[in-house]
Each structure stands twice: as C-alpha cells, then as structure tokens.
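Please look over the fold below.

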Amino acid sequence: MSQSAAANSPPSGRHPVYRGVRRRKSSGKWVSEIREPRTPNRIWLGTFPTPEMAAAAYDVAALALKGREAELNFPDTAGTLPVPASTSPRDIQAAAASAAAAAGAARDAAAAAATRAAPDFPEGNGEFVDEDLIFDMPNVLVNMAHGMMISPPRMESTAAVADEDEYFGEDQNLWNYHN
C-alpha cells in the first residue's frame with residue numbers, strides 16, 4: 001500500500017478497503033481483531049507492519065468463526081489459508097499469525113523478485129549505451145545466414161552408420177544425411 005493511501009485512511013483509523021483492519025495513530029502499524037459471533041467479545045489477532053498482513057489474519061479468523069458466510073478481504077486465497085485447530089481464541093490467533101507471516105513473506109519475495117528483474121543500469125544519468133555495437137547488430141543476420149550454410153558433419157563410414165542405427169534406432173541419428 002502506498003503512503004498516500006495510508007494517509008487517506010479515515011480518521012477512525014479503519015482501513016478504507018480491508019475489513020477488520022485499522023491503523024494505530026501512535027505507531028502507524030496495522031492491527032487486526034474480530035468480534036466473536038453473537039457475543040460482545042473480540043479476538044485480538046495482532047499488530048502487523050502492513051495492512052495486507054492484518055487482512056490475511058482477519059480472513060483466517062473470519063473463516064474459522066463464520067464459515068462460508070464470512071466476508072473475506074482476499075476471497076481468492078481462502079483455500080490456501082491455515083485452518084485453526086479449534087475455534088478457541090488461542091488457536092485462531094496462532095493460525096492468523098501464520099497467515100500474516102505467509103502474506104509478509106510473499107510480499108517480501110515479490111519485492112525481491114522485482115528488484116532482481118530491474119536492470120542494473122544507473123537511472124537518470126543520461127549515459128548512452130550503444131547496444132548495436134555491443135551485440136554486433138549490423139552483422140548478426142549475416143553471421144546467422146553463414147552459420148546455416150555450413151554442411152552437416154559427414155559420417156565416417158557406412159559400417160559405423162549401421163552400428164549406430166542398431167544402437168540408437170533408425171530415427172535417432174543427429175543428422176539423417178547420407179551421400
């Protein structure tokens with residue numbers, strides 16, 4: 001989530017998109033909790049660095065407490081979420097923490113992959129790199145055409161070809177070219 005989206009969150013601290021997620025004014029971290037059905041009790045799910053992690057924790061608890069009727073933040077990932085051992089608050093908290101950790105790890109892996117995929121060229125220094133010169137582009141097609149005009153290797157003798165046909169099978173020769 002971008003800084004501007006976090007700044008645009010409502011004054012109550014609730015996340016504008018995710019259910020069960022709010023931002024702490026003092027630390028700026030994201031917290032998640034869920035109300036137990038038909039009771040005034042709440043289950044504290046934890047404090048997280050990102051709203052996505054808090055939302056994943058909420059989804060685990062919502063599924064455990066409300067089942068299929070639960071409104072989820074990430075409905076497409078419901079099948080991949082950890083299932084608590086029971087509906088006790090402690091088991092729900094443990095499964096929620098596991099889901100949040102997995103969401104954080106997935107975010108970190110995606111960020112690392114994006115960093116690896118980015119080119120190592122310095123940004124904005126205005127330095128020109130002549131790729132045509134590096135890859136010898138003017139001659140690359142000529143070199144490819146020359147390579148295709150080379151004859152395939154000749155077999156040493158007909159006896160060797162017969163032996164190879166028996167060993168590899170008739171269609172297994174690299175070159176099916178005979179004089």
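Strand 2 and strand 3 run antiparallel and are joined by six bridges. Strands are DSSP runs of E with at least two residues, helices are runs of H or I with at least four, and both are numbered from the N terminus. Two strands pair if DSSP finds at least two bridges between them. Tryptophan 30 has phenylalanine 48 in strand 3 as its bridge partner.

This is a predicted model, in which local features need pLDDT of at least 70, side-chain atom pairs count only at pLDDT 80 or more, and totals for chains, interfaces and linings use all residues. Residues are numbered from 1 along each chain as its sequence is written, and side-chain values use heavy atoms, with hydrogens and water left out.

**The sheet**

Strand 2 also pairs with strand 1. That pairing is antiparallel and has three bridges. Arginine 22 has valine 31 of strand 2 as its bridge partner. Valine 21 stands opposite serine 32 in strand 2.

The three strands form an open sheet in the order 1-2-3, with antiparallel pairing. Strand 1 and strand 3 (42-48) are its edge strands, and each pairs on one side only. On average, neighbouring strands are turned by 25° against each other, direction ignored. Axes here are lines fitted to C-alpha atoms, for helices over the stretch in contact, and angles run from 0 to 180 degrees between N-to-C directions. In a regular strand the side chains alternate between the two faces of the sheet.

Is strand 2 enclosed or open to the outside? Strand 2 is largely enclosed by the rest of the structure, because five of its six residues are buried. Buried means under 20% relative accessible area, exposed means over 50%, and partly exposed lies in between (1.4 Å probe, protein chains only).

Helix 2 lies across strand 1, strand 2 and strand 3. Helix 2 runs at about 10° to strand 2.

| Hairpin | Residues between the strands | Residue with positive phi |
|---|---|---|
| Strand 1 and strand 2 | six residues | Glycine 28, near 80° |
| Strand 2 and strand 3 | six residues | Arginine 38, near 60° |

Arginine 38 lies in the loop between strand 2 and strand 3. Its relative accessible area is 84%, so arginine 38 is exposed.

**The largest pocket**

The largest pocket has a volume of about 400 Å³. Of its 16 lining residues, the closest to its centre are Arg14, Gly20, Val21, Glu33 and Tyr58. A pocket is an open set of points on a 1 Å grid over the protein atoms alone, where a 1.4 Å probe fits, with protein on both sides within 12 Å along at least five of seven lines; lining residues have an atom within 4 Å of a point. Points are joined across faces, edges and corners, and the volume is the space filled by probe spheres set on them.

Which elements each supply at least two residues of this lining? They are strand 1 (21-23), strand 2 (30-35) and helix 2 (51-66). Strand 2 gives the most, with five residues.

By class, the lining has five nonpolar, four polar and seven charged residues. Ala, Val, Leu, Ile, Met, Phe, Trp, Tyr, Cys and Pro count as nonpolar; Asp, Glu, Lys and Arg count as charged; the others, Gly among them, count as polar.

**The whole chain**

The protein has six helices and three strands. From the N terminus on, its elements run α-β-β-β-α-α-α-α-α. Of its 179 residues, 25% are buried. Contact means heavy atoms within 4.5 Å. Among contacts between residues at least 6 apart in sequence, 34% join residues at least 24 apart.

Glutamate 52 lies in helix 2. Its relative accessibility is 24%, so glutamate 52 counts as partly exposed. Glutamate 52 and glycine 104 are 52 residues apart along the chain, and their C-alpha atoms are separated by 7.9 Å.

Valine 83 sits in the loop between helix 2 and helix 3 (89-117). Valine 83 counts as exposed because its relative accessibility is 73%. The C-alpha atoms of valine 83 and serine 98 are separated by 9.8 Å, and the two residues are 15 residues apart along the chain.
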